[in-house]
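User: Hi! Could you take a close look at one helix of this protein for me, and then walk me through the helices and loops around it?

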Amino acid sequence: MRIYIIGPSGSGKTTLSIKLAKKYKTNAYELDCLVYDDEHDHIRRSDEEIDELFNQIIKKKSWIIEDVGRNRFTKGLELSDKVYYLKISKYRVYARVIKRWFRQRLGKEKYNYPPNLFQFYDMLRVARLYFKHEKDKLKRLEEYKNKVIFLNYKELNKF
């Protein structure tokens, strides 16, 4: 099974990918971790390194990848068996980003990068940009409509 999960920060992509990875007995990958090297202060990797890491994943027999729907990872859409698009309201996403940041600051939730004020503002900025470009993401998905499954907040919680 090859599954691609798309949604904004704080939408539940990681939670869904972990549950599906257990169900299908495969590995889940956060594409943010390909783009940013969290072992080296969350620095952005080179395009060549990102492409190499991504190609290693999609060559595998099965995988679950999650992302905000970056254009550079379109090959994942092409190769996937299913695409889950998490359709969560922007206000719920903002609330979840804020809650996540506080939980990370208190040490109650794992994080890939230090939960400082810069990262907090950056996560809100990334969420805002996601919704600003959401129509473009949805338009791009029309090509794969036979395998796209839209999940709203209630449907996502049923998983």
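With a relative accessibility of 29%, R96 counts as partly exposed. This residue belongs to helix α5, and everything here is read from a predicted model. Setting aside neighbours within four places in sequence, R96 is in contact with G10, S11, G12 and Y153. I65, by comparison, is 31 residues from R96 in sequence, and their C-alpha atoms are 21 Å apart in space.

Let's turn to the partner of this helix. Helix α5 covers residues 90-105 and helix α6 covers residues 117-132; their axes come within 10 Å and cross at roughly 165°. Because angles over 145 degrees count as roughly antiparallel, α5 is roughly antiparallel to α6. The crossing of these two helices is right-handed. On the α5 side, the contact is made by K90, V93, Y94, V97, I98, R100 and W101. Facing them from α6 are L117, F120, M123, L124, A127, R128 and F131.

The loop between α1 (13-24) and β2 (28-30) holds K25. Most residues other than glycine have a negative phi. K25, however, has a positive phi of about 50° although it is not a glycine. The residue is also exposed, with a relative accessible area of 74%.

The other one is H40, in the loop between β3 (36-37) and β4 (43-44). H40 is partly exposed, its relative accessible area being 47%. If you follow the chain from H40 to Y113, the two are 73 residues apart in sequence, while in space their C-alpha atoms are 9.7 Å apart.

To come back to your helix: α5 runs roughly antiparallel to α6, and its residue R96 is in contact with residues including G10 and Y153.

Methods
Residues numbered from 1 in each chain as written. Predicted model: local features only at pLDDT ≥ 70, side-chain atom pairs only at ≥ 80, totals over all residues. Heavy atoms only, no water. Axes fitted to C-alpha atoms, helices over the stretch in contact; angles between N-to-C directions. Helix = DSSP H or I, 4+ residues; strand = E, 2+ residues; numbered from the N terminus. Parallel < 35°, antiparallel > 145°, perpendicular 65-115°, else oblique. Left-handed = near helix turned anticlockwise from the far one by under 90°. Contact = heavy atoms within 4.5 Å. Buried < 20%, exposed > 50% of the residue type's maximum accessible area, 1.4 Å probe, protein only.
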